[in-house]
Amino acid sequence: MVTVVELKIPKTQEEWLSVGKKYENMNEYFPHCIGAIDGKHVQLQAPIGSGSNFLNYKSTFSIVLMAVVDTDYNFLYADIGCQGRISDGGVFRSTSFFKQLEEQKLEIPPAEKLIGREKAVPYVFVADEAFPLKENILRPYPGSHENGSAKRIFNYRLSRARRVVENVFGILSAVFRVFRKPMLLEPKKAELVVMACVYLHNFLRKEKASRDIYSPTDLIDHEIEGQLVRGTWREDIQSNIAFTPMQRVGRRSPRFIEENRNEFAEYFSSSGAVPWQSKLA
């Protein structure tokens with residue numbers, strides 16, 4: 001049985017808009033973003049009698065931690081324990097978060113126009129290539145794109161917006177050393193350990209005194225005049241072998257969803273452009 005952790009997930013349109021406003025301010029004008037989604041395989045020793053149930057695409061044993069986070073580096077939602085053998089697309093689709101999203105039960109605000117544009121676009125969660133392009137989920141354009149092109153700039157702006165979730169996993173792996181190697185635990189016990197770390201993470205991030213000790217500024221990525229200063233958690237990334245990324249897969253999406261992504265791309269290359277993006281994208 002998968003463990004679902006609903007920590008601070010917004011319940012009203014006003015609460016989602018509050019998350020979105022922080023996201024827009026933090027990421028220098030990524031409007032309509034209300035969270036970042038990512039998932040990681042948490043490596044395990046081969047569970048007794050499991051056969052291939054927990055064997056993932058990298059031929060290691062794992063359970064999956066699926067997360068939605070906000071700009072304060074807190075978990076809004078976590079789903080823990082899905083077997084590694086299930087396709088990574090299937091992992092996300094099996095979560096209660098995805099089901100509520102599909103059934104329009106998350107109280108996400110209705111679509112609105114971006115500043116200086118005419119087409120209304122939805123509020124979205126940002127994700128990488130492991131996730132589907134949906135009405136409320138943005139993923140990068142596939143392939144490589146010419147310097148300064150709208151698609152390249154969009155991919156850059158998207159990667160900046162989803163960096164927050166990369167840092168949340170980075171903080172977990174840097175601080176909780178249980179993630180430094182495959183867990184020598186049966187899946188159900190490993191689930192409890194991961195769930196405890198998720199709760200502790202949010203608890204320690206709550207107050208400034210504990211936050212400064214648990215996750216000091218230099219631990220987390222930050223920018224100076226648009227230039228990325230990499231968080232110190234990235235220096236230890238090679239030793240954090242218990243977390244592995246989800247598999248990236250290609251997917252085709254309905255035309256109207258592609259048009260939503262195109263509208264964001266055109267916005268970032270016009271009224272939503274920022275001075276430093278062309279030389280960094």
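How many bridges join β2 to β11, and in which sense do the two strands run? The close-up views below, taken from a predicted model, begin with this pairing.

**View 1. Strand β2 and its pairing partners.** β2 and β11 run antiparallel and are joined by 3 bridges. Within this pairing, histidine 41 has threonine 244 of β11 as its bridge partner. β2 also runs antiparallel to strand β3 (residues 61–69), to which 9 bridges join it; here leucine 44 stands opposite phenylalanine 61. With strand β7 (residues 124–126), β2 pairs in the parallel sense over 2 bridges, and cysteine 33 stands opposite valine 124.

View 2. Phenylalanine 243 belongs to β11 (residues 243–245). Its relative accessible area is 12%, and the residue is therefore buried, the cut-off being under 20%. Beyond residues up to four places away in sequence, phenylalanine 243 touches Lys40, His41, Val42, Phe169, Leu172, Ser173 and Phe179. The C-alpha atoms of phenylalanine 243 and serine 173 are separated by 7.7 Å, although the two residues are 70 residues apart along the chain. Two of the residues touched by phenylalanine 243 also meet one another: lysine 40 lies over the face of phenylalanine 169, at 5.8 Å from the ring centre.

View 3. Arginine 234 has a relative accessibility of 16% and so counts as buried. The side chains of arginine 234 and aspartate 221 are joined by a polar contact of 2.7 Å. Leaving aside residues up to four places away in sequence, the residues touched by arginine 234 are Arg163, Glu166, Asn167 and Asp221.

View 4. The whole structure contains 12 aromatic pairs. In one of them, the ring centres of phenylalanine 30 and phenylalanine 264 are 6.1 Å apart and the planes lie at 25°, so the pair is stacked. Phenylalanine 30 lies in the loop between α1 (13–26) and β2, and phenylalanine 264 in helix α7 (residues 255–268); the pair therefore ties together parts that are 234 residues apart in sequence. Phenylalanine 30, at 1% relative accessibility, counts as buried, as does phenylalanine 264 at 0%. Phe30 and Phe264 belong to one aromatic cluster with Tyr141, Phe154, Tyr267 and Phe268. Over the ring of tyrosine 141 sits the charged end of arginine 261, 4.2 Å from the ring's centre.

Note on methods. Residues numbered from 1 in each chain as written. Predicted model: local features only at pLDDT ≥ 70, side-chain atom pairs only at ≥ 80, totals over all residues. Heavy atoms only, no water. Helix = DSSP H or I, 4+ residues; strand = E, 2+ residues; numbered from the N terminus. Buried < 20%, exposed > 50% of the residue type's maximum accessible area, 1.4 Å probe, protein only. Contact = heavy atoms within 4.5 Å. Pairing = 2+ DSSP bridges. Polar contact = N/O pair within 3.5 Å; in protein donor to acceptor, adjacent residues only side chain to side chain. Phe/Tyr/Trp six-rings, centres within 6.5 Å; stacked < 30°, edge-to-face > 60°. Lys NZ or Arg CZ within 6 Å of the ring centre and 35° of its normal.
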